[in-house]
Amino acid sequence: MQREQTQVVRGNTLFIRKFEVVVVDGPDRGARLASTGEEMTIGGVEGNDLVLSDGTISRHHCGLRIDEHGLELRDLGSTNGTFVGDVEIIRSYIKSGARIRVGQTSVAIELLDQEIGQPLATGDRMGELIGGSPAMRRLFPLLEQCAGSMATVLLQGETGTGKELVAEAIHRASGRVDKPFVVVDCSALSHQLAESELFGHVRGAFTGADAARVGVFEAAHGGTVFLDEIGELSPALQPLLLRVLESRTIRRVGSNEQRPIDVRVIAASHRDVRALVNERRFRSDLFYRLNVVRIAIPPLREREGDVALLGEQFWRELRPDAPVPPGLLEHLATQSWPGNVRELRNAVERATLIGWAEGPPTTPAERLTYPQAKEVWERAWIEELVRMHAGNLSAAARAARMGRSHLRELVRQYAIARPQSEDE
């Protein structure tokens with residue numbers, strides 16, 4: 001079945017079809033809303049585009065998004081589900097005229113003949129970011145707009161899409177470029193010392209605190225703090241971070257003194273934080289503070305033509321003394337990249353180490369140093385371990401008799417794709 005055209009590029013503008021949502025049954029019958037961008041969310045609390053009074057829907061129930069393939073419907077981890085007819089939808093493309101059911105409410109979705117124009121960058125680079133696809137050229141002007149403000153930004157993107165590079169690009173294009181850019185991996189914060197790492201401590205605050213320490217927010221004064229994997233932030237730290245965002249002050253562990261800070265906060269997550277709010281694993285008030293500007297980072301599968309562009313760039317960075325082997329870029333462009341840009345870079349790096357000659361890389365031992373051979377073996381071993389346990393890192397770590405945090409770091413290092421599992 002041929003899909004309706006929902007996006008088209010004319011000159012340096014991407015035109016997106018508008019769509020309208022009409023409540024046809026339920027407490028809010030007659031309510032309607034037309035899209036003002038590529039995405040619309042439906043839920044029971046402020047912060048959604050369409051807020052419904054139906055008590056059987058979740059806070060953030062579902063989202064609709066226009067992309068080059070059509071109109072996508074995605075459930076946001078709702079309690080009662082999102083349905084088209086009798087089919088429960090997790091994520092699927094729907095046709096114009098479809099009716100969806102959320103709780104006790106029925107909603108009709110219609111594509112309109114009107115369009116929304118979004119500017120495209122004329123170049124294929126912004127700082128360290130590279131992309132000539134419409135998905136990336138649309139992103140660059142948005143990042144430049146964000147750079148000119150102090151608004152808190154929430155980046156949403158799959159693992160390996162380059163969220164840290166996007167955050168740094170915003171920082172580099174801002175007036176804070178000469179100040180620190182400090183990265184915090186919220187998933188790796190030590191449970192016992194997390195508060196100290198973020199906010200610092202005074203001497204004697206706890207056993208082992210032999211000297212005062214400056215925390216991340218003080219160290220980044222005047223610059224930007226990038227909170228990576230914000231969805232992993234422990235519940236105990238969430239109200240403390242909320243207080244920092246509201247008051248723009250921090251209090252070191254063991255002190256009553258409030259210290260003013262001047263930082264720009266950018267957060268990121270590979271999960272949809274709205275689903276974590278529904279699950280009550282993430283504070284809704286903190287989410288609203290972070291979600292001032294939400295930017296979706298496109299996965300590599302939505303970046304037509306960028307695989308070859310990135311592959312060539314990575315090769316030239318890693319092997320500036322050698323030309324790109326014939327056929328390599330064409331081969332890369334035919335592959336799927338569930339690990340996104342990070343996985344692609346790893347593949348190119350493997351090719352520079354072990355060779356590529358009109359076919360997939362081979363591993364002749366005489367061309368590898370011991371560290372290189374160890375890396376090739378370790379990557380293959382981790383991939384197989386994760387596959388055997390269906391992506392469950394806790395089970396995989398137990399089977400391998402290794403620490404889960406260490407395994408998680410290796411999975412990230414090698415950009416190993418895995419299904420979402422219950423332990424995450």
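Predicted model: local features only at pLDDT ≥ 70, side-chain atom pairs only at ≥ 80, totals over all residues.
Colleague: Which residues of H8 are buried?
Modeller: Helix H8 covers residues 306-318. Its buried residues fall within an arc of 160° seen down the helix axis, so they line one face of H8. Those residues are Asp-306, Val-307, Leu-310, Gly-311, Phe-314 and Trp-315.

Colleague: Why does a helix place such residues on one face?
Modeller: The buried residues of H8 lie within an arc of 160°. An α-helix has 3.6 residues a turn, so residues three or four places apart point the same way.

Colleague: How far apart are the end C-alpha atoms of H8?
Modeller: H8 has 13 residues, and at 1.5 Å a residue it should span 18 Å. The model agrees with that expectation, since its end C-alpha atoms are separated by 18 Å.

Colleague: Which elements give two or more residues to the lining of the largest cavity?
Modeller: The structure holds one cavity of 30 Å³ or more, and the volume of the largest cavity is about 100 Å³. Its lining consists of Glu-195, Phe-199, Leu-240, Arg-243, Val-244, Thr-249, Ile-250, Arg-251 and Gln-258. The elements that give two or more of the lining residues are helix H3 (194-199), helix H5 (238-247) and strand S18 (249-251).

Colleague: How many residues in the lining of the largest cavity are charged?
Modeller: The lining of the largest cavity includes Glu-195, Arg-243 and Arg-251. By class, it has four nonpolar and two polar residues, and the charged residues number three.

Colleague: Which element supplies the largest share of the lining of the second largest pocket?
Modeller: The second largest pocket has a volume of about 500 Å³. Of its 27 lining residues, Cys-186, Ser-187, Ala-188, Leu-189 and His-191 are the closest to the centre. By class, the lining has ten nonpolar, seven polar and ten charged residues. The largest share, five residues, comes from H13.

Colleague: What is the distance in space, C-alpha to C-alpha, between Ile-116 and Arg-17?
Modeller: Ile-116 and Arg-17 are 99 residues apart in sequence. In space, their C-alpha to C-alpha distance is 6.4 Å.

Colleague: Where does Arg-248 lie, and what is its phi?
Modeller: Most residues other than glycine have a negative phi. Arg-248 is in the loop between H5 and S18, and it is partly exposed, with a relative accessible area of 25%. Its phi is positive, near 55°.

Colleague: What is the relative accessible area of Arg-401?
Modeller: Arg-401 lies in the loop between helix H12 (393-400) and H13. Although it is not a glycine, Arg-401 has a positive phi of about 55°. Arg-401 is exposed, because its relative accessible area is over 50%, at 81%.

Terms used
Residues numbered from 1 in each chain as written. Heavy atoms only, no water. Helix = DSSP H or I, 4+ residues; strand = E, 2+ residues; numbered from the N terminus. Expected span 1.5 Å × (residues − 1). Buried < 20%, exposed > 50% of the residue type's maximum accessible area, 1.4 Å probe, protein only. Arc of directions from axis to C-beta. 1 Å grid on protein atoms, 1.4 Å probe; cavity = no way out; pocket = protein on both sides within 12 Å on 5 of 7 lines; lining within 4 Å. Points joined across faces, edges and corners; volume = space filled by probe spheres on them. Nonpolar A, V, L, I, M, F, W, Y, C, P; charged D, E, K, R; others polar.
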